[in-house]
Each structure stands twice: as structure tokens, then as C-alpha cells.
Amino acid sequence: MHTVASHLRILLVDDDVLLREGLRSLLISESGIADVLEARDASGCLGILKTKKIDLVLLDIRLPGTNGLELLYEIRSLHPDLPVVVVTGLEGTELLVNLLKAGVNGIAFKLDGFKAVLEAINQVRSHGQYFPERILTVIKIFSHRWDHVPKVLLTYQEKEVLRAIHDGLTPKELAALLKLPENTAETYRGRLLKKVKVPNTAALLAFAYRNGLL
């Protein structure tokens with residue numbers, strides 16, 4: 001039987017309204033949960049955290065504007081002790097390592113269903129953290145090269161370059177978008193490839209998809 005700490009107030013951050021409503025309905029039916037608040041993006045999340053007492057955050061990665069990893073860093077800077085569990089459908093290794101490095105308390109995968117989310121909540125509340133077997137495997141594999149995993153945090157300009165590449169813009173069109181000389185725009189593209197440690201545009205797009213950057 002699954003139990004959660006009594007009077008728990010949860011903030012659910014996800015831009016998918018249907019998923020939010022379904023997950024909230026399941027959570028609120030648990031006897032130990034007092035309330036579930038909802039936010040669809042970073043500003044909504046941070047606004048609630050400023051005005052409400054929250055015991056735990058359930059955070060998606062794919063959010064409009066600022067993504068979940070960027071938001072996690074903001075939450076950590078403002079509320080360093082607030083438990084955060086990421087609930088995601090993404091399994092990019094780089095993303096998972098970066099979440100761990102950012103201090104996430106737990107990770108649950110959407111495909112594992114509500115039982116996994118509830119288990120993550122219980123374990124984080126009881127023991128401070130929860131990582132399923134596949135996350136423990138990632139930790140083990142990358143334990144000796146933790147600092148060499150590329151970051152999945154991009155600057156505004158890097159995001160613009162990535163979107164332009166995704167949309168198939170030519171170097172000339174990219175330069176016009178960034179309002180830069182063509183050779184400078186190409187330099188930005190090269191720096192982005194180097195930052196995420198991939199050899200070409202196709203690999204860059206693959207990296208972006210598996211880590212929720214597109």
C-alpha cells in the first residue's frame with residue numbers, strides 16, 4: 001500500500017493541461033496529500049513559490065520558454081531545501097546527468113505510470129531522494145567522467161542558433177536572424193557543436209531532441 005506524508009502540499013509544473021488534470025486528480029485522492037497546485041511554466045511556478053508554502057515540486061522538463069532544467073536551477077537558488085522531483089518522458093543521458101548535478105531529489109518517468117510518481121514522492125519525503133534503477137545505472141556508468149558530460153543549458157543566442165538549424169535556415173539566413181556577419185554566425189554554430197560535443201548538425205539535432213531542447 002502506498003502512503004505519503006500527511007498534509008503534503010504539492011506544486012505540479014507541466015504545460016500539458018490534460019496530464020496536469022489527470023495527475024492532480026490521482027494525487028489529490030491520496031489521503032496524505034492536502035493540496036495540489038498547478039503551473040504551466042516557469043513564471044507560474046516561481047509566482048506560486050513566492051506566495052504559497054509548498055512541500056514538494058513535481059517538475060516536467062518540456063516547458064514553454066525556460067525548460068525544466070533551467071527552472072530547477074532557479075528553484076535551487078531561491079529555495080535550496082525544497083524537494084524537487086522531475087517527472088519526464090525524456091531519457092537523454094546528458095539531461096539525466098545534468099539534473100543530478102543540479103541537485104534534483106528524484107526522477108520518475110512518465111511511461112512508468114502513477115505508481116512510479118507516488119513512489120518517488122514517498123521516497124523523497126522519507127529519505128530525501130529517489131532514483132530508479134536506470135538512473136543508478138547512469139550514475140555508475142558516468143561516475144568517472146561526471147564533469148565531462150556536456151551541459152544542456154543554452155544561452156538565448158545558442159537557442160536561436162539551434163532553432164534556426166532545426167528550421168533548415170542557410171548560413172546567410174542564420175546571419176540575418178542573428179543580425180551578424182555570415183562568418184560570425186557560422187562561428188556561433190561551430191561553438192554550439194563544440195559545447196555539446198557533437199561532430200555535425202545531425203548529431204546536434206539528435207542531442208537536442210533526446211534532451212528536450214527542441
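## Two helices that cross

To compare helices, each gets an axis, a line fitted to its C-alpha atoms over the stretch in contact. The angle between two axes runs from 0 to 180 degrees, taken between N-to-C directions. This is a predicted model.

Start with α7, residues 156-166, and α10, residues 201-210. These two helices pack at an angle of about 110°. Their axes lie 11 Å apart. Angles of 65 to 115 degrees count as roughly perpendicular, so α7 is roughly perpendicular to α10. The crossing of the pair is left-handed.

Which residues of α7 and α10 meet? On the α7 side they are Leu162, Ile165 and His166. On the α10 side they are Thr201, Leu204, Leu205, Ala208 and Tyr209. Sorted by class, this contact has 6 nonpolar residues and 2 polar ones. It has no charged residues.

## The sheet

Strands of a sheet pair through backbone hydrogen bonds, either parallel or antiparallel.

Strand β3 covers residues 56-59, and strand β4 covers residues 84-88. They pair in the parallel sense over 3 bridges. Leucine 59 has valine 86 in β4 as its bridge partner.

## A helix on the sheet

Angles over 145 degrees count as roughly antiparallel.

## Two lysines in loops

Lysine 179 sits in the loop between α8 (171-178) and α9 (182-195). Its phi is near 60°. That is a positive value in a residue other than glycine. Is lysine 179 buried or exposed? Lysine 179 is exposed, with a relative accessible area of 75%. The cut-off for exposed is over 50%.

Lysine 197 lies in the loop between α9 and α10. Its phi is positive too, at about 60°, although lysine 197 is not a glycine. The loop of lysine 197 leads back to α10, the helix that packs with α7.

Methods
Residues are numbered from 1 along each chain as its sequence is written. This is a predicted model: local features need pLDDT of at least 70, side-chain atom pairs count only at pLDDT 80 or more; totals for chains, interfaces and linings use all residues. Side-chain values use heavy atoms; hydrogens and water are left out. Helices (H or I, at least four residues) and strands (E, at least two) are DSSP runs, numbered from the N terminus. Angles under 35 degrees count as roughly parallel, over 145 as roughly antiparallel, 65 to 115 as roughly perpendicular and the rest as oblique. A crossing is left-handed if the near helix is turned anticlockwise from the far one by less than a right angle, and right-handed if clockwise. Contact means heavy atoms within 4.5 Å. Ala, Val, Leu, Ile, Met, Phe, Trp, Tyr, Cys and Pro count as nonpolar, Asp, Glu, Lys and Arg as charged, and the others, Gly among them, as polar. Two strands pair if DSSP finds at least two bridges between them. Buried means under 20% relative accessible area, exposed over 50%, partly exposed in between (1.4 Å probe, protein chains only).
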